[in-house]
Amino acid sequence: DESLLHIYNRFPVVFDYGKRTSLFDVNGKEYLDFGSGIGVMAFGYGDKEFEDAVTAQVKKLFHTSNLYYHTALADAAAAVKEASGLDKVFFTNSGAETIEGAIKTAKKYAYKKKGHAGCEIIAAQNSFHGRTVGAVAVTGNDHYREPFYPLMDGVRFGTYNDLESFKALVKDNTCAIIVETVQGEGGIRPAEKDFLVGLRKLCDEKDMLLILDEVQCGMGRCGSMYTYMQYGIKPDVLCTAKALGGGIPVGAFVVNDNVAANSLEPGDHGTTYGGNPIACAAVSASVSIIKNRNLIENVNENAPYLEKILEGFVDKYDFIQERRGRGYMQGLQLDASVPVGGIVSNALSKGLILLSAGGNVIRMLPPLISGKDEFDHMEKILDSVLQEITV
């Protein structure tokens with residue numbers, strides 16, 4: 001605390017190492033991790049295959065700049081292309097940077113198509129897309145926006161899962177719609193099928209780009225490599241990060257061939273570190289592990305068991321209103337009378353890592369390797385925390 005800028009309200013715990021689905025602090029205490037580093041550690045801690053892949057790349061080459069190709073870049077781009085079903089990849093260092101790239105892509109697409117700047121973007125209320133100025137501009141939450149005005153203009157906000165509210169905002173100069181396939185920070189709210197399919201149709205009709213933010217909900221977490229695959233649609237631009245690198249900082253925005261041919265050109269965008277060999281080795285290993293170890297199948301097999309436990313909490317405790325979520329991205333909506341922060345803090349003291357989300361929600365993002373044993377352990381600890389609450 002003497003050296004760090006006070007940006008995060010960190011919990012009073014110092015972690016030393018991790019093993020599978022647990023973290024251990026400097027005193028040797030074990031914590032079952034149902035946060036996964038905010039959705040990053042998809043296959044847990046201490047995975048030998050992943051560590052070997054990254055270590056081998058460190059010993060071989062770990063920076064060239066984007067003035068040159070390198071073998072790890074080719075492998076990672078091919079892996080993301082296959083995983084997403086889209087065509088062209090741009091690697092970044094973070095999820096927020098993928099949003100920035102997507103915004104610039106949409107604006108350049110409209111500029112080339114219409115011959116002028118000044119195009120607008122429609123985003124969703126209650127959304128979260130990152131902390132950079134552009135990402136905050138398309139984040140539909142005043143708490144994140146107000147201190148940093150004036151932001152990028154030309155952003156209008158529709159109501160999530162209300163297609164008509166988005167249609168009403170479309171103008172001649174609208175160039176893109178951006179939404180999370182599952183809202184994360186906004187309270188674990190999956191898109192309804194009619195809503196997302198309707199947005200795809202609307203964008204097709206108006207020649208606008210559909211940008212899907214799957215930074216948190218992608219990479220197998222919701223029961224498919226990317227959650228939009230469950231809706232029978234594809235975005236024009238996909239934003240992916242977090243579990244993409246398995247703990248190594250990396251993100252990517254991925255576009256279809258039409259967007260690639262009609263948007264960003266050399267000189268429009270760039271990054272010194274994006275797509276560096278270490279990050280690319282991590283991407284290739286992450287995609288391979290999720291696919292080859294059938295982790296998506298594990299999610300689909302065991303998510304109903306997790307949901308049953310969470311529904312049991314809803315039935316047992318009057319201050320829990322409902323369960324929301326999909327796959328291994330789950331939330332419990334609490335009454336305002338029971339602040340979520342206290343539950344997260346008390347659970348941590350008992351050896352369970354949970355997250356919170358907007359709207360007073362307990363958020364759970366367990367590693368994709370988790371199963372019934374981990375869920376039973378979580379149930380026991382969380383139940384002991386909830387039993388202590390008096391309303």
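Guide: Helices and strands here are DSSP runs, numbered from the N terminus. Keep in mind that this is a predicted model.

Visitor: Which helices and strands each supply at least two residues of the lining of the second largest pocket?

Guide: Start with the general idea. Rolling a probe the size of a water molecule over the atoms shows where empty space is left. In this model, α3 (71-84), β4, β12 and α9 (257-261) each give the lining two residues or more. The largest share, 5 residues, comes from α3. The second largest pocket holds about 880 Å³ of space. Its lining counts 30 residues, with N66, K88, V89, F90 and F91 nearest the centre.

Visitor: Which way do the residues of β12 point?

Guide: In a regular strand the side chains alternate between the two faces of the sheet. Now look at residues 251-255, strand β12. G251, F253 and V255 point one way, A252 and V254 the other. Each of these residues is buried.

Visitor: Which strands pair with β12?

Guide: Strand β4 (residues 88-92) runs antiparallel to β12, joined by 5 bridges. Strand β11 (residues 237-240) also pairs with β12 in the antiparallel sense, over 4 bridges. Find V254 in β12: V254 is the bridge partner of V89, and also of L238.

Visitor: Is I7 buried or exposed?

Guide: The cut-off for exposed is over 50% relative accessible area. I7 has 60%, so I7 is exposed. I7 sits in the segment before β1 (15-19). Together with L5 and Y8, I7 forms a nonpolar surface patch of about 400 Å² accessible area.

Terms used:
Residues are numbered from 1 along each chain as its sequence is written. This is a predicted model: local features need pLDDT of at least 70, side-chain atom pairs count only at pLDDT 80 or more; totals for chains, interfaces and linings use all residues. Side-chain values use heavy atoms; hydrogens and water are left out. Buried means under 20% relative accessible area, exposed over 50%, partly exposed in between (1.4 Å probe, protein chains only). Two strands pair if DSSP finds at least two bridges between them. Patches are made of residues with over 30% relative accessible area and no salt bridge: like charges are joined within 9 Å, nonpolar side chains (Val, Leu, Ile, Met, Phe, Trp, Tyr) within 5 Å. Accessible areas come from the Shrake-Rupley method with a 1.4 Å probe; for residues, only the protein chains shown count as cover. A salt bridge is a side-chain nitrogen of Lys or Arg within 4 Å of a carboxyl oxygen of Asp or Glu. On a 1 Å grid over the protein atoms alone, a cavity is a set of points where a 1.4 Å probe fits but cannot get out, and a pocket is an open set with protein on both sides within 12 Å along at least five of seven lines; lining residues have an atom within 4 Å of a point. Grid points are joined across faces, edges and corners, and a volume is the space filled by probe spheres set on the points.
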